[in-house]
Amino acid sequence: MTAGPDAIAQAVRLLEEGKLVAIPTETVYGLAADADNPAAVAAIFSAKGRPSNHPLIVHVARDADLSHWAIEIPPVAQQLIAAFWPGPLTLILKRAPGVDDVITGGQDSIGVRCPSHPIAQALLKLFRGGQGGIAAPSANRFGRVSPTTAQHVIDEFGSPGSGPIAAVLEGGPCEVGIESTIIDLTRLDTQGPVLLRPGQISVQQLEQVLGCQLATADHAAPRVSGSLDAHYAPRTPLALIERQALVDTMATLKAKHRQVLSLVIDKEVVQTKALQAEGLQSESLDREGVFTTHMPSDPQAYAQALYAKLRALDQVGADLILVEQPPKTAAWQGINDRLQRAAFDSAGVLERWLA
Ligand code: TXA
Ligand code: MG
């Protein structure tokens, strides 16, 4: 059952006391703390094992006063806010002087986002009378797969009260399933708006609103921890591979007594929330005796299911997860970004086993 008004009010009290609360958003679950309480924000970093120079996103209600966080809200920011908030879009703005270094990782920019999940919305409306900010990274340990259900959060950090988290607000499986799109608006004079992290909101949708092209991140861009080459990774090695090669590779590795799992795209699969919540439901034991998980061919449904599937596959403790390379089109950009990062650490594993 999703959290009701009492649970939300209790979460607000805990946050105002400086505790950590896991909250649902439409993208992934966040590990939340009062953004105006540096000690509470510092507790997020220690719970996650996240390096202190990686900045956090501040979540705000739709009509919160952004000037508390940013010194300047340029017209392009207003346009993007009007088009996409509440929703899975984070804006990087020039930070206001009162914002603590602990949130920004010492940078002179600040990430802000207004999530659309009804529970996040209700929480933000109550918290400090709708004018507060809630700092929240994804509620996973650093570098790992983001949580898209409340149970994933508990799997990462233990039950509420037993570990670093005081409460977990149940909000059902996340609609979007991958983290927000991040746009940097701090260097408009020289770079224009820059895409730091692709997500469900596509480059085309953004460019349509902006009326100009989006640049992609360069080395001078503000740091984004999700843009480390290796990130979002299951513990099991993962390789991205075209469909035909995947089938052949599974057979070859099976002959070498390797346990291989695979994630393939299947036009027949229509993903539902219920299916996603059950993790391995759409998995089948195929004739080769190898686990094949069938993923939906619609990119939004694929993204919604992806992290739950990766977590479930990781539980099996196999030697390798082979993931069918999705189409390299705009609608799949956020997904391809996460899969490439998930595969980064295991680059070379497949080649070694095939050699
Ligand atoms: O969808 C999301 O964005 C989720 C939900 C919980 O809102 N949050 C999330 O947070 O993905 P996190 O911390 O896992 O990733 C946020 C990314 C990081 O890569 C961080 O470096 C970047 O946003 N970021 C935050 N503030 C920034 C800043 N001032 N400049 C550049 N990047 C920033
Ligand atoms: Mg994260």
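1. A residue counts as exposed when its relative accessible area is over 50%. His 257 has a relative accessible area of 74% and is therefore exposed. The model to which this note refers is a predicted one.

2. The backbone at His 257 deserves attention as well. Its phi is near 60°, a positive value in a residue other than glycine. His 257 belongs to the loop that joins α8 (243–255) to β12 (260–266).

3. Arg 128 also has a positive phi, near 45°, and is likewise not a glycine. Arg 128 comes after helix α5 and sits in the loop between α5 and β6. With a relative accessible area of 40%, Arg 128 is partly exposed.

4. Helix α5 itself spans residues 118–126, and its buried residues are Ile 119, Ala 120, Gln 121, Leu 123 and Leu 124. These buried residues pack against one helix, α1 (5–16), and against the strands β1 (21–23), β3 (57–59) and β6 (134–135). As background, an α-helix has 3.6 residues a turn, so residues three or four places apart point the same way.

5. A cis peptide bond runs from Trp 85 to Pro 86, with omega near -10°. Pro 86 is placed in the loop between α3 (75–84) and β4 (89–94).

6. The chain is divided into two domains: domain 1 covers 5–216 and domain 2 covers 238–354. The contact between them draws 23 residues from domain 1 and 15 residues from domain 2. Taken over C-alpha atoms, the centres of the two domains are 29 Å apart.

7. How much area do domain 1 and domain 2 bury between them? The value is about 1700 Å², of which 53% is on carbon and sulfur atoms. On the domain 1 side, Pro 173, Ile 178 and Pro 198 supply 31% of the area buried against domain 2, more than any other three residues.

8. Polar interactions also link the domains. There are 2 salt bridges between domain 1 and domain 2, and 8 residue pairs are in polar contact, both residues being at pLDDT 80 or more. Elsewhere in the list of side-chain pairs, Arg 338 and Glu 179 form a salt bridge at 2.7 Å, N to O.

9. Which elements of domain 1 each supply at least two residues of the side that touches domain 2? They are α6 (150–157), β9 (194–197) and α7 (203–210). By class, this side of domain 1 has 10 nonpolar, 9 polar and 4 charged residues.

Notes
Residues are numbered from 1 along each chain as its sequence is written. Chains are lettered from A and ligands numbered from 1 in the order in which they are written. This is a predicted model: local features need pLDDT of at least 70, side-chain atom pairs count only at pLDDT 80 or more; totals for chains, interfaces and linings use all residues. Side-chain values use heavy atoms; hydrogens and water are left out. Domain bounds come from an automatic or database domain assignment. Contact means heavy atoms within 4.5 Å. Buried area is the accessible area (1.4 Å probe) that two parts lose on being put together, summed over both. A salt bridge is a side-chain nitrogen of Lys or Arg within 4 Å of a carboxyl oxygen of Asp or Glu. A polar contact is a pair of N or O atoms within 3.5 Å; within protein, one must be able to donate a hydrogen and the other to accept it, and residues adjacent in sequence count only if both atoms are side-chain atoms. Helices (H or I, at least four residues) and strands (E, at least two) are DSSP runs, numbered from the N terminus. Ala, Val, Leu, Ile, Met, Phe, Trp, Tyr, Cys and Pro count as nonpolar, Asp, Glu, Lys and Arg as charged, and the others, Gly among them, as polar. Buried means under 20% relative accessible area, exposed over 50%, partly exposed in between (1.4 Å probe, protein chains only).
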